[in-house]
Amino acid sequence: IIDYIQNQDRIQRSAMTKVTAPKRKRWLGGTAAGGSLRSSSSRSQHSYNLRWVWLMAAAVVLCIVILRWIPGSSSSSSSSSNEPILTTADPNQKLATRLRPKTKTAVEVTANEDVGMGVGGLIKKEDGPTDDGDVERVVPAYVTHKHLDTQKSTYIRFELENLDDSSPITTGEFVLELKPEWAPVGVARFHELTAHHFWDECRFFRVFEKFVAQFGINGDPETNAKWKSQTIPDDPVEHGNERGTLTMATSGKNSRATQLFINKQNNKYLDKEGFAPIGQIIRGMDVVDRIYFGYSGDGSKAPNQGKINQQGNAYLKEHFPKLSYISKASYIDESEIMDQKES
């Protein structure tokens, strides 16, 4: 519009220069050769053109304003679709992090009712049925348990087998207390995996005597591949990697999936690297210390994670038969913990 106005102005000035009277009479206000009359007519035409330009500009601005206020217009819908979509079992329940949606649809799905878990979040519909029915979860937003509020601690018992031979008894258990206030997204993922019995038969494949005991690759390659691809956003580190804490392993930003490790000593330097603990082992650290570590953690004799992902427990049972493993992971009520503390 500005270029048009400037161009029209140059044209009109050029026209006026050609038809105006000699300079002397023009300055004196004379009318010789009709100079002043023609000049006045040209200026009138120029003003007329300017009025049309400004009317056109005002009309464009008015249309833009009207479109922005029409409900369901493209501008308003595009801004709303960029907002994160969260669904919660309790309207008062809030996560400490904002989840990036991968779809505009948010509905609640349920999995493993016998465990009493409600797994919800951002999901997308599939053409055919999946393990959860006709929907597939993309990013978890909340998980609730029928006995316990997710904003409070949740207790899970891990039963272990094939512990080292420092004792004739090679079985044992430890109890984990989940801490949603530390890492709500990580705790939600842990609930999901527990609901699907993901931990059963999982081997501790990377263990150091005085560092960590790592696990979280399912013995079935198909099951593991399904969950491995569903990474979750990072939690901020709200609690240190102290002895007895359980932390999700990560290979980079927003890359957490299924692998975890138990800190067998204080590893505070891991805090700065973004490893956020999700819970605390409140009973059975003596059992954790007996998890077999004879395959040297990361040494040449240690299990190869690539082969575990491809072959599962068949590879581990054949080449690393001494690995300790989880036979079962199950929820226990807070009342059971309190009774044991009192006794």
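# Close-up views of a predicted model

View 1. Asp-200 counts as partly exposed, because its relative accessibility is 24% and partly exposed lies between buried (under 20% relative accessible area) and exposed (over 50%), with a 1.4 Å probe and protein chains only. This is a predicted model, in which local features need pLDDT of at least 70 and side-chain atom pairs count only at pLDDT 80 or more, while totals for chains, interfaces and linings use all residues. Residues are numbered from 1 along each chain as its sequence is written, and side-chain values use heavy atoms, with hydrogens and water left out. Asp-200 sits in the loop between α5 and β6; helices (H or I, at least four residues) and strands (E, at least two) are DSSP runs numbered from the N terminus. Leaving aside residues up to four places away in sequence, Asp-200 touches Asn-218, Ile-326, Ser-327, Lys-328 and Ala-329, where contact means heavy atoms within 4.5 Å. Ser-330 is 130 residues from Asp-200 along the chain, yet their C-alpha atoms are separated by 9.7 Å.

**View 2. Two loop residues with positive phi.** Most residues other than glycine have a negative phi. His-197 is not a glycine, but its phi is positive, about 55°. His-197 belongs to the loop between α5 (184-195) and β6 (206-207), and its relative accessibility of 38% makes it partly exposed. Asn-162, also not a glycine, has a positive phi near 65°. Asn-162 is placed in the loop between β4 (154-161) and β5 (172-178) and is partly exposed, with a relative accessible area of 27%.

View 3. Not counting residues up to four places away in sequence, Phe-190 touches Ile-156, Phe-158, Leu-176, Leu-178, Trp-199, Leu-246, Leu-260 and Ile-278.

**View 4. The largest pocket.** The volume of the largest pocket is about 210 Å³. Its lining has 13 residues, of which Lys-228, Ser-251, Ser-255, Ala-257 and Gln-259 are the closest to its centre. By class, the lining has three nonpolar, nine polar and one charged residues.

**View 5. The largest cavity.** Two cavities of 30 Å³ or more are found in the structure, and the largest has a volume of about 50 Å³. On a 1 Å grid over the protein atoms alone, a cavity is a set of points where a 1.4 Å probe fits but cannot get out, a pocket is an open set with protein on both sides within 12 Å along at least five of seven lines, and lining residues have an atom within 4 Å of a point. Grid points are joined across faces, edges and corners, and a volume is the space filled by probe spheres set on the points. The residues lining the largest cavity are Phe-204, Phe-205, Arg-206, Val-207, Tyr-292, Phe-293, Gly-294, Tyr-295, Ser-296, Gly-297, Pro-303 and Leu-323. Eight of the lining residues are nonpolar, three polar and one charged; Ala, Val, Leu, Ile, Met, Phe, Trp, Tyr, Cys and Pro count as nonpolar, Asp, Glu, Lys and Arg as charged, and the others, Gly among them, as polar.
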